[in-house]
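User: I am new to reading protein models. Can you take me through one, feature by feature?

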Amino acid sequence: MTQTSDRIRAIIAEQAMLDVDQVTDNATPAELGIDSLGLVESIFALEEEFDITIPFNANEPGKSDFDISNMGSIIAGVEKLVAAKE
């Protein structure tokens, strides 16, 4: 785990009101109790924390270039955006 992934997990856990250890790579947003509004809030929180723009359209999540199928893919996507910014 990287410092970035730890921060991502902490943000997701805070948004979902869960313990960080519950935010596993295989967990889907739905399994964590994150609804569509919670997901949008999480995306905004991640964008603000890392000063990035996540290519996610809440109105058409299926058409987004950003994979939100599980926490592992969300973490990998955010790490990629953070690395591209540096």
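User: Which residues is V20 in contact with, leaving aside its neighbours within four places in sequence?

Analyst: First, a caution: this is a predicted model. Now the idea. A contact is a pair with heavy atoms within 4.5 Å. Here, V20 is in contact with R9, A10 and A13, once neighbours within four places in sequence are left aside. V20 itself is found in the loop between α1 and α2.

User: How far apart are the C-alpha atoms of V20 and I8?

Analyst: They are separated by 9.7 Å. Along the chain, V20 and I8 are 12 residues apart.

User: Is V20 buried, exposed or partly exposed?

Analyst: Use the cut-offs. Buried means under 20% relative accessible area, exposed means over 50%, and partly exposed is in between. V20 has a relative accessible area of 41%, so V20 is partly exposed.

User: Let us step back. How many helices and strands does the protein chain have?

Analyst: There are 3 helices and 0 strands. Read from the N terminus on, the order of elements is α-α-α.

User: What do I look for in the largest nonpolar core?

Analyst: Look for buried nonpolar residues joined through side-chain atoms within 4.5 Å. In this chain the largest nonpolar core has 24 residues. Those with the most contacts inside this core are I12, L46, F50, I54, F56, F66 and V78. Then ask which helices take part. At least two residues of this core come from each of α1 (3-16), α2 (36-50) and α3 (71-85).

User: Take L46. Where is L46 found, and is L46 buried or exposed?

Analyst: L46 is found in helix α2. Its relative accessibility is 1%, so L46 counts as buried.

User: What does L46 touch, not counting residues up to four places away in sequence?

Analyst: L46 touches I8, I11, I12, I52, I54, I74 and V78. Check one of these, I11, by distance. L46 and I11 are 35 residues apart in sequence, and 7.1 Å apart in space, C-alpha to C-alpha.

User: And which residues is F50 in contact with, with the neighbours within four places again left aside?

Analyst: F50 is in contact with T4, R7, I8, I11, V78, V82 and K85.

User: How do I read phi?

Analyst: Most residues other than glycine have a negative phi. Now the cases here. M17 has a positive phi of about 55° although M17 is not a glycine. D51 is another non-glycine residue with a positive phi, near 55°.

User: Where do M17 and D51 lie, and are M17 and D51 buried or exposed?

Analyst: M17 lies in the loop between α1 and α2. M17 counts as exposed, because its relative accessibility is 75%. D51 is in the loop between α2 and α3. D51 has 60% relative accessibility, so D51 counts as exposed too.

User: Back to the whole chain. What radius of gyration would a compact globule with 86 residues have?

Analyst: Near 12 Å. The protein chain has 12 Å, so the value agrees with a compact globule. For its extent, the C-alpha trace spans about 30 × 30 × 20 Å along the principal axes.

User: What percentage of the 86 residues is buried?

Analyst: Buried residues make up 41%. Turn next to the surface. The accessible surface is about 5300 Å², with 49% belonging to carbon and sulfur atoms.

User: Last one. How many positive and negative side chains are there?

Analyst: Count 5 positive and 17 negative. The centres of the two sets lie 7 Å apart.

Methods
Residues numbered from 1 in each chain as written. Predicted model: local features only at pLDDT ≥ 70, side-chain atom pairs only at ≥ 80, totals over all residues. Heavy atoms only, no water. Buried < 20%, exposed > 50% of the residue type's maximum accessible area, 1.4 Å probe, protein only. Helix = DSSP H or I, 4+ residues; strand = E, 2+ residues; numbered from the N terminus. Rg over C-alpha atoms; globule rule 2.2 N^0.38 Å. Areas by Shrake-Rupley, 256 points an atom, 1.4 Å probe, with all protein chains shown as cover. Lys, Arg positive; Asp, Glu negative; His and termini not counted. Charge placed at Lys NZ, Arg CZ, Asp CG, Glu CD.
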